[in-house]
Amino acid sequence: MLSTQDSLWMASALRLAERGLYTTSPNPRVGCVLVRDDKIVGEGWHQYAGEPHAEVHALLAAGKAARGATAYVTLEPCSHQGRTPPCADALVSASVTRVVVAMQDPNPQVAGQGMEKLRAAGIKVECGLMEGAARELNIGFSSRMTRGLPWLRSKIAMSLDGRTALNNGVSQWITGAAARQDVQHWRGRSCAVLTGIGTVLADDPQLNVREPQLAIHEPKSGASEITAIRQPLRVVLDSQLQLPLTARILCGGNVMIYTATPDFQKMTALEKLGVRVVVLLDACGRVDLMAMLRDLATRGCNEVLVEAGSILNGALLQAGLVDELVLYVAPQLLGDLSRGMAQLGELTMLDQRVELEWQDVRNVGQDLRIVARVRH
């Protein structure tokens, strides 16, 4: 029987899991708290992919005090051998007597098997405590495991009347400095940032993470810990392979281009710069958007942030591929001749509209930030 105290310990585990928000990809963010005699005897969180999981960190911290303890874990302990040994086995070996799990692992390699292994060892297992919060923390990982698609989040900065640029293309800056800084956190938690060739040609962005607060400590062999920022994969949708070789987005590496034009000379030049070029052609001679997202999922992308113009935003919305919108709304009007947020074409019936569900509304500096989910 779950109690209020159980919820408090699980809330602590969730706060630990959040520490891995910017660092664990492609793995999920997981926290673990070990409690015995109403006291925390060990705690940990998954910090980097390929390194020990949350349960292992907590067990190492607890030592012998783990025997007879209750483990509060935000995601079902893994049951298979990956880059690290199964956490379910570690909990069994440590002789914990009870495990409280927030949510079942959506990974088909686990999906209940971790909890079954614990029960088979005589450990009491309870699942579902604060499941909603745990699922939100790993919404991209769950999407990739269950749908074979990353969670696609589109960031749009616009005026109150929904305009993202003047008719002549000028857009810097509609929103204020606080909003632009806030965007860095969305980039930092994303595995990839996706844009279109139109945005690259118009604005020449870098689309990298530049927020010092997102710096992480990354141990290097033979050296003390250094400060680093994990940069997301930068992805350009460029149907006709128009990307200039001097574009700023090519600086720093970690760039992919999806195209519909197999121009081998241009592809070779880009690949010499370290760019991966993938040709994905649909029946209309354009980049296959669904195939692109599925390919990103196979590359371990959990969350993808779209920072693009109205053409790509419109195409993704029309294809039903956008899961969430992050809208920064400036207190200004740009007029009906300015550019809109998404080219959806003419709608002739209201049931053709894109319907949203509000998730969060708050002030960010002088602007509003609205987070809304697309109803599929």
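This tour moves from the whole chain to its nonpolar cores.

The model is predicted, so local features need pLDDT of at least 70 and side-chain atom pairs count only at pLDDT 80 or more, while totals for chains, interfaces and linings use all residues. Residues are numbered from 1 along each chain as its sequence is written, and side-chain values use heavy atoms, with hydrogens and water left out.

Along the principal axes, the C-alpha atoms fill a box of roughly 70 × 45 × 40 Å. Of the 376 residues, 50% count as buried, that is, under 20% relative accessible area with a 1.4 Å probe and protein chains only as cover.

Next, select M10, L34, V96 and V99, which touch the most other members of the largest nonpolar core, a set of 37 residues; such a core joins buried Ala, Val, Leu, Ile, Met, Phe, Trp, Tyr and Cys residues through side-chain atoms within 4.5 Å. Among the elements that each supply at least two residues of this core are β1 (31–36), α3 (87–93) and β4 (98–101), but α1 gives the most, with six.

Then centre on M10 and, leaving aside neighbours within four places in sequence, display its contacts (heavy atoms within 4.5 Å), which include Y72, V100, L129 and M130.

Conventions:
Helices (H or I, at least four residues) and strands (E, at least two) are DSSP runs, numbered from the N terminus.
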